[in-house]
Amino acid sequence: MRPPKTVFLVLLAWAACLTMQGQNVGEAVCSLLDEEGFRWYGGKGTGLCRFDGYETAAFRSDRQHPDLLRSNDVLCMTEQRARAEIWFGTKEGAYILRKSDYTVHPIVVKAREGNELADKRVSCMLSAADGSVWLSYRNQLFHLSAKAEVMERFAMTWEGKNRSVMQLCFDSDSSLWVGLWNGGAIRLKKILGQWSMVNGQWSDYPTSPTTHLPNDQTTKHMLDSVARSLAPANDTTVLSWARIPFRQGENGRESFYIGTYHALYHYDGQQMRLLQGDLDKVRSMAYSEPSHTLYLLSRARGICQWKEGRLTTLSDDKRFRQLQLQGDTALLLSEGINGVSMLNLRTLRLMKDTTTANVKPVVTACVVNGEKQLMTYGNQVFSLPSNIDYVEVHLSTLDFEHAQQVQFAYRLDNDDEWTEMPEGEHVVKFSHLPAGNNRLQVRATDNFGRWSAPATVLTLARPALWYEHTWLWVIAAVMVIVGVITSIHPSEGSHDSSEALLPVADQEFLDKAAAAVSTHMIDSDYSVDALASDLCMSRANLHRKMRAITGQTPTEYIRNQRLERAAHLLRTTSHSVNEIADLVGFSYASYFTKCFKEKYGVLPKDYVK
C-alpha cells in the first residue's frame, strides 16, 4: 500500500498558499477556515489572527497583553469543532483559543519522566473525528484528548535517526499518516482501541513543501507576464482568464483561457495560442468542466461560448460586465444596473434573476465606549450598559473575495424602513438606543447585487435607567397632583410642599445658599462666582446642582432671594421703594421695579395695598 502522496501535496500546498484577499498576513505559514466561516491564520510574529473580510483580530503578546503567548511565531493550527476551539502551535508551546469567550489557554505537555519538554516547538496539529487532537513537538508525536490530556505518545525515527514531523493527515481507512522532514512517511492505525505503527515505511515522501497551488492573485500576475512575453505587442493586457483543470489540459498540464482587449488565447504552460481575434475586450469568462465549454462576455459580440474550436454567439446583448456559472445557468451582472440577469444555457433564454441571494450576514464585533468586543461563538444577544449613548455593530458576510462589493441594509424590529449602507461599509452605528431588547435585522447582497432574506442577527439588550421606569413616572405624576392640590388648598402653618419633599442633603445645600445670599444681600456686586466660592464648589457644579434642585440658574436664584427679601421689607417696614431696592442689592430702582412686577404681578408701590 502506497501513502496518499496526493493528499500530502495538497495539504502542503494549502499551507504554502497564503495570499488572502484584503488582509496583510505578513509571513503567514498556516491558515484554516473555521465552522463559522472566519479565516484564521498565523505565521512569523503574527500571533493567532482572525479575519472577517474587513478587519483582523490578533491574539498575541504585546504591550497590552505581554504574557498572552510565549512566542508570537505560529507554526500550525487546527479546529476542534465540538468544543468551538482553535488549537495552535508556536515555537514555544501549544495553546487553545476558546471561541466561547475568546480567551487563550496554554496546553501543558510534559516528557515521560514528568519534566518539561526540552524543545517546545510545535510543528503540526490535526483534529480527529472523535474530538481528540494530534500534535507534534519536533520528533515527538502526542495524542491528546479533547480536554488536552495526553493519551498516547510516539517517537518518530527514520533510519535510526530522530525526525521532525512535517505533516499529518487521515486517509479513507482512518489511518493516520505522519510525514517526516528529510524523507519518510509513517502510518499509524487504531487496532483494538490502541494506536500502533503499521509495518511498512516509505521514503518517496517529498522532503520540503515546494509545491504551490495557484491562487487568483498569483495566477493573474503570472498570466500578465505570459501575455507580455508571448502575446503580440499591442495585446498584452489580461482582462479575464479561466483555469482548465490539468486532466483536461494538454500534455497533462493545467492550462488557461486568456481574454485580452482584442482576442481570446489559450496558454498550455509553455505556448500562447490565438483562438479568436475579433472579440474587442473580453470582459469576463467562466469554464464549465462538465461540458468542456468556455462562456465569455465580449463587448463586440455579447455572450459567447467557445467549444470544440469554434466560437458561437449565444446572445448579442452587450450590456453585461461579469459572468458566473451556476449549473445550467449563467448569471450576468449588468453594466450600471444593480441586479442580475440569467441565461438558461439549455434554452438560451435571457431573463431577470429574482432569486434571493444565498448570503448570511453575521455580527463579528461590537464597540462600546471605544472598546471592541468580539462576538463569542453562538451568541446572538449583546448586553449594553444602561447609560450607553453610542454603540457600533460590525457586520460581515465572510465573503473574503467580494467584501468591498457587499452592501448591507439594517433596521431595528420596531422600525418600518430599512437603512441601506454604501458598498463596502460594514459598521452600523446607534446612539441613544431605547431601553429593552432591540432586535437588529440585517440584509446583505452577494457580489451580483442580489439581496438576501432579512435575518435577525443580534439583540442589543439595554437595561432601563432609573428615570425610564414606568412606576417611577407614576409616582412622579401622583406627587405633582398632590403638589397642585396642596398649592390650591394650603393648610395653615404648612411649609412649601416642594421643600418638604426635598432630600435632607439638598435642603441643607439650599439653606447654605440662602444664608450666603442673605449675608451679601446689600452688595449689588455679589455674583454667581462669589456664591460658588462661598459654597466651596465650581461655577459649573453650582449651576448643575441648582438647576437640578430648584429648576433655576444660580443667577435666577440670587435674584429671587433678593426679591423675596424686598417683598418682606415692603410688608414690614415703611422704607421707600428706592431704599428697599438699595437694601436688597439692586443698583437701579427701575430694574428692581421691572423684576418685582415679573415675579409678583404688581408694582412694588402697590404690593401692600
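**Before selecting**

This is a predicted model, in which local features need pLDDT of at least 70 and side-chain atom pairs count only at pLDDT 80 or more, while totals for chains, interfaces and linings use all residues. Residues are numbered from 1 along each chain as its sequence is written, and side-chain values use heavy atoms, with hydrogens and water left out.

**The whole chain**

Display the chain as a cartoon: it holds ten helices and 39 strands. Both kinds of element are DSSP runs numbered from the N terminus (helices: H or I, at least four residues; strands: E, at least two). Of the 609 residues, 45% count as buried; buried means under 20% relative accessible area, exposed over 50%, and partly exposed in between (1.4 Å probe, protein chains only). The chain exposes about 32300 Å², of which carbon and sulfur atoms supply 49%. These areas come from the Shrake-Rupley method with a 1.4 Å probe, and for residues only the protein chains shown count as cover. Among contacts (heavy atoms within 4.5 Å) with a separation of 6 or more, 48% are between residues 24 or more positions apart.

**The sheet S5-S6-S7-S8**

Select strands S5 to S8, which form an open sheet of four strands in the order S5-S6-S7-S8 with antiparallel pairing. Two strands pair if DSSP finds at least two bridges between them. S5 (74-80) and S8 (103-107) are the edge strands, each pairing on one side only. From one strand to the next, the twist averages 25°.

Within this sheet, pick out S6 (residues 85-90) and S7 (residues 93-98), an antiparallel pair joined over six bridges. Ile86 stands opposite Leu97 in S7.

**The sheet S9-S10-S11-S12**

Move on to a second open sheet of four strands, ordered S9-S10-S11-S12 and again antiparallel in its pairing. S9 (122-127) and S12 stand at its edges with a single partner strand each, so one side of each has no neighbour in the sheet. Neighbouring strands here are turned by 15° against each other on average, direction ignored.

Now select S11 (residues 140-144), a mostly covered strand in which four of the five residues are buried. On one side, five bridges join S11 to S10 (residues 133-137), and the two run antiparallel. Show two of the paired positions: Tyr137 has Gln140 as its bridge partner, and Ser136 has Leu141. S10 and S11 form a hairpin with two residues between them, and Arg138 in the turn has a positive phi of about 55°.

S11 also pairs with S12 (residues 150-155), in the antiparallel sense over five bridges. His143 is placed opposite Glu152 in S12. This hairpin has five residues between the strands, and Ala148 takes a positive phi near 70°.

**Val122**

Zoom in on Val122, which is in strand S9. Is Val122 buried or exposed? Val122 is buried, with a relative accessible area of 0%. Leaving out residues up to four places away in sequence, Val122 touches Leu75, Cys76, Gly89, Thr90, Gly93, Ala94, Leu135, Ser136 and Tyr137.

**Helices H5 and H7**

Select helix H5 (residues 504-519) and helix H7 (residues 539-550), which pack at an angle of about 115° with their axes 11 Å apart. Axes are lines fitted to C-alpha atoms, for helices over the stretch in contact, and angles run from 0 to 180 degrees between N-to-C directions. On the H5 side the contact is made by Asp506, Phe509, Leu510 and Ala513, and on the H7 side by Leu542, Lys545, Met546, Ile549 and Thr550.

**Two polar contacts**

Go to Ser255 in strand S20 (residues 255-260). Ser255 is buried, with a relative accessible area of 1%, and its side chain makes a polar contact with that of His266 (3.3 Å). A polar contact is a pair of N or O atoms within 3.5 Å; within protein, one must be able to donate a hydrogen and the other to accept it, and residues adjacent in sequence count only if both atoms are side-chain atoms.

Finish at Asp317, in the loop between strand S26 (310-315) and strand S27 (320-326). The side chain of Asp317 makes a polar contact with the side chain of Arg319 (2.9 Å). Beyond four places in sequence, Asp317 touches Gly302, Ile303 and Leu350.
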